[in-house]
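Here is a sequence together with its 3D structure. Have a look around first, and then let's walk through it.

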Amino acid sequence: MQSCVPGFPRRLGGAGLLILLLAGMALPSALGAGTQVLHTRSRIRDAADTNRWVPVDRTTSWDPAHTAVVVCDMWDRHHCPDATERVGEMAPRMNEVLRAARAQGMLIIHCPSDTMEFYRDHPGRKLAQAAPKVETAVPLQGWCALVASQEPPLPIDDSDGGCDGCPECPGYRAWSRQHPALEIQDGDAITDSAEAFYLMRQRGITNVIVMGVHINMCVLGRPFAIRQLVAQGQNVVLMRDLTDSMYNHRRPPYVSHFRGTELVVEHIEQYWCPSITSADFVGGTPFRFREDVPRRIVMVIGENEYRTEDTLPEFARRDLEGRGIEVSYVMASPKEGDGNFQNAERIRDADLVLVSVRRRAPPRALLDLLLQHLKAGKPLVGIRTASHAFAPHEAIADGFGTWPDFDQQVLGATYANHYGNKPPEAPPTLVESIASQRTHPVLTGVPPGPFPVTSHLYKYRNPASTVTPLLQGHVEGREEREPVAWVNTADGRRIFYTSLGNPEDFQQPAFRRLLLNGILWCLHEPLPPSGAPLSGTPAAASPTPAPKPTPQPPIACPPEPRNRSEDE
């Protein structure tokens, strides 16, 4: 078996990867008007937690005369309809970047695989064919699959072909040429083979910017793409906003299609090369697909009994942020009765508000924003003391307000105190799903019970007709049942509430799964199936040791799979 990555250190981590990536950046001797400034992002292991990767941003400059831009497989049509649509949406922005790069003197190499017959007589095709073949330390292959000794498995499961919108669509070679929105100008080259590297070598090009599709397939594996160009010693960066993946959100790690793409970008930044964005060439903000709208959750926290100022941010870090959900906070201190919530204006842009507040009188402006959020039909999640969040016992100051009926008007039932059963002095609460609701999406992966919790049981009365109880609980040794979790669909919006939420509950996978489900259900997001990891990211790999000072033996590149183009 031939090697595609000669002498490349095995799975570098921490400072070792950072040193290698920075060393590979070709810095000109003088930074003048003839250089292209790049804002690169790579990832290294966190020194405090080697199972966690942290981004590292750097600024460097490349000489356009020694730089090529590779456009990978931006076909006119794909067997996956949504892949075709996303390429069409991305192509105009990519063409702007190519114009800017071309104007600086960079070589543009168009690589629409399997379409060379279409370009048989094109000058760009003849340009690539004329490049003299060069000997390489390791032969360039038609495909370089995952290099197990260099990188772990990709963080997404694309074994079904990855067509998100049409998983049942059969794979076939639907393409005939590059997307017509991408201009091919005099001086550009056209190839789908090792000719790309031969042309780079002929022109003394050592810097390569890779863009195109699909990031988990061709952008990594083709002979003109990341793995093999890094293996040949080229300085490579990925343009991370001008790419897409073949990933179906119904497969692990059960995140959105766009988050799946981001996870592969992060994988490349960890194990292969840095990334940049198109803003380096055309200004403005990086490109984003129309449907790639990150969800924003605002957590309103102010209570003095259950430490949710600690447990909720930890839950967000572990179980939400890996899914690409942006979480921010509107907080008051744990001091009892403190109504001085900070950053209330964040509620205005929230897709979902989570409330963990106990008997506080917040500024009226916060209550107004919360009311506007609900009137707009946006969802809300409440945990534990949210049922008496804005019903303080003490008098309130000017400019502050209350909402004593928040429990009935928003959550959908009236809080009527609790049973006072606080273990270990008192019996625990036993929680179980309501038999008729065990197939409800919010109960996916939540054991039917009964299972014990240390949260003492709350009492609720007068549930609205729009409330659907999901879990119920009783004090061990007593008969009375109380609703412990429910959904409320009044006025066409989605509300989820649970009376659980003490620190011990957050240690229980059943509670964390329940809360995650409630949030995703409220946001109309797909829920991961039973047994799926909660985090939305692959299990942490073992810490990577520092690279050895002596060169490692060549890393074997798995052989090219048959009919790879059709699989794409």
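A residue is called buried when its relative accessible area is under 20%, exposed when that is over 50%, and partly exposed in between, using a 1.4 Å probe and protein chains only. What you're looking at is a predicted model, where local features need pLDDT of at least 70, side-chain atom pairs count only at pLDDT 80 or more, and totals for chains, interfaces and linings use all residues. Residues are numbered from 1 along each chain as its sequence is written, and side-chain values use heavy atoms, with hydrogens and water left out.

**The overall picture**

The protein chain has 568 residues, and 56% of them count as buried. Its secondary structure comes to 13 helices and 21 strands; these are DSSP runs numbered from the N terminus, with helices being H or I of at least four residues and strands being E of at least two. A contact here means heavy atoms within 4.5 Å. Among contacts in the protein chain with a separation of 6 or more, 79% come from residues 24 or more positions apart.

**The open sheet**

Let's start with a sheet. Strands count as paired if DSSP finds at least two bridges between them. In general, strands of a sheet pair through backbone hydrogen bonds, either parallel or antiparallel. Here 9 strands make an open sheet with mixed pairing, in the order E11-E10-E12-E13-E20-E19-E18-E15-E16. At the edges sit strand E11 (326-331) and strand E16 (451-453), each pairing on one side only. Neighbouring strands of this sheet are turned by 20° against each other on average, direction ignored. For angles like this, axes are lines fitted to C-alpha atoms (for helices, over the stretch in contact), and the values run from 0 to 180 degrees between N-to-C directions.

How do strand E10 and E11 pair? Strand E10 (residues 296-302) runs parallel to E11, with 6 bridges between them. Val 300 has Val 330 in E11 as its bridge partner.

Helix H12 (residues 509-522) lies across E10, E12, E13, E16, strand E18 (467-475), E19 and E20, at about 165° to E20.

**Rings meeting rings**

Now for the aromatic side chains. Rings of Phe, Tyr and Trp (its six-membered ring) pair if their centres lie within 6.5 Å; planes under 30 degrees apart are stacked, over 60 edge-to-face, and the rest tilted. A search of the whole structure turns up 15 such aromatic pairs. One of them is Phe 118 with Tyr 119, an edge-to-face pair at 4.9 Å centre to centre and 75° between the planes. Phe 118 is partly exposed at 46% relative accessible area, while Tyr 119 is buried at 4%.

Why is the pair of Tyr 460 and Trp 486 edge-to-face? The planes of Tyr 460 and Trp 486 stand at 80°, with the ring centres 5.0 Å apart, so the pair gets that label. Tyr 460 is in strand E17 (residues 458-461) and Trp 486 in strand E19 (residues 482-488), so the pair ties together parts 26 residues apart in sequence. Tyr 460 is buried at 5% relative accessibility, and so is Trp 486 at 1%. Ring pairs also link Tyr 415, Tyr 458, Tyr 460, Trp 486 and Tyr 497 into a cluster.

**Charges over rings**

A charge sits over a ring if NZ of Lys or CZ of Arg is within 6 Å of the ring centre and within 35 degrees of the ring normal. Here are two examples:

| Charged residue | Ring | Distance to ring centre |
|---|---|---|
| Lys 459 | Tyr 419 | 4.7 Å |
| Arg 494 | Trp 521 | 4.3 Å |

**Cysteines**

A disulfide is a covalent bond between the sulfur atoms of two cysteines; the cut-off used is sulfur atoms within 2.5 Å. The structure holds 2 disulfides. Cys 80 is joined to Cys 163, S to S 2.1 Å, and the link is right-handed, with 85° about the S-S bond. This pair links distant parts of the chain, 83 residues apart: Cys 80 is in the loop between strand E4 (67-72) and helix H2 (81-104), and Cys 163 in the loop between helix H3 (123-130) and strand E6 (189-190). Both Cys 80 and Cys 163 are buried.

The sulfur atoms of Cys 166 and Cys 169 are 1.8 Å apart in their disulfide. The torsion about the S-S bond of Cys 166 and Cys 169 is about 85°, so this disulfide is right-handed. Cys 166 is buried at 12% relative accessible area, whereas Cys 169 is partly exposed at 22%.
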